[in-house]
Amino acid sequence: MLNIHHIRNATMVLETENEVILIDPMLGDVGIMPSFTLFRHKARKNPIVPLPHKVNSILEKVTHCLITHQHPDHIDSKGIQFLIKNDIPITCSIKDEKALTKRGLNIVQTLKYWEEQTFLGGTIEGIPAKHGYGFVSKLMGNVIGFFIKLPQQKSIYISSDTIYTESVDKVLKNYKPEISVLACGTAQFDLFNKLIMDMNDILKFVKNTSGKVIANHMESINHCPLTRKKLREILIKNSLINKVLIPEDGDVIEITSR
């Protein structure tokens, strides 16, 4: 059995019988970060929602952590403190190793794009991610996704903050992940193009996967306008809702083993 705990935004936990893997820990209180937009979307300090109740019960079990990139809505100061305090071993991009080590984290494994390594009895591969359409992707810096195969578990693709690219297409069509986690908030700053997939690309992603999609990165940060309700309505209109799970903060999704 695999339990996928959706915490908030991109923060989640993969819990198997043997491992409890934390992904992108944004653990701070409501409003500790500034607003990410001032006029395109309503200005509100971030995060705009609290952590779910009883989150500590799963965090206390964490045995490993994956970090996709260094933006504060994926790893904040409270997340850093938690990882240091509990000396959690971390897997990240080789491009982030130096900066995260300097912050005091226990980096035990680094990945390059398209590099597969052994991971907790299975394998993990670094997948390219492009954080935005056009010029803004250069400003957003390095991001890595992960393709994970754990013993007796269904394969998982953590796409992270990305638009739809040839790399994403390759993973969906050639690797055929059984579960994909997709950032669906259609985030955008006051300037520049969207930072993650727009609605057309979200629909393309869902159509092109042969597995299930778990939608996250919604209703937690003020520059993400797409709501769960709106996403659900659009998926229903396009006859795709049966392929997508849209968890609320604190929900646990149970995935049967192979």
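Me: What is the bridge partner of H5 in β14?
Reply: The partner is V252. This is a predicted model, where local features need pLDDT of at least 70, side-chain atom pairs count only at pLDDT 80 or more, and totals for chains, interfaces and linings use all residues. Residues are numbered from 1 along each chain as its sequence is written, and side-chain values use heavy atoms, with hydrogens and water left out.

Me: What makes β1 and β14 a pair?
Reply: Two strands pair if DSSP finds at least two bridges between them. Four bridges join β1 (residues 2–8) to β14. So they meet the definition. They run antiparallel.

Me: Why are β6 and β14 called edge strands?
Reply: The open sheet has seven strands, in the order β6-β5-β4-β3-β2-β1-β14, with mixed pairing. β6 (106–111) and β14 (252–255) each pair on one side only.

Me: Which residues of α5 are called buried?
Reply: Buried means under 20% relative accessible area, exposed over 50%, and partly exposed in between (1.4 Å probe, protein chains only). In α5 (residues 166–175), S167, V168, V171 and L172 are buried.

Me: What covers the buried residues of α5?
Reply: The cover includes β8 (122–128), β9 (144–149), β10 (156–158), β11 (179–183) and α6 (199–208).

Terms used: Helices (H or I, at least four residues) and strands (E, at least two) are DSSP runs, numbered from the N terminus. Contact means heavy atoms within 4.5 Å.
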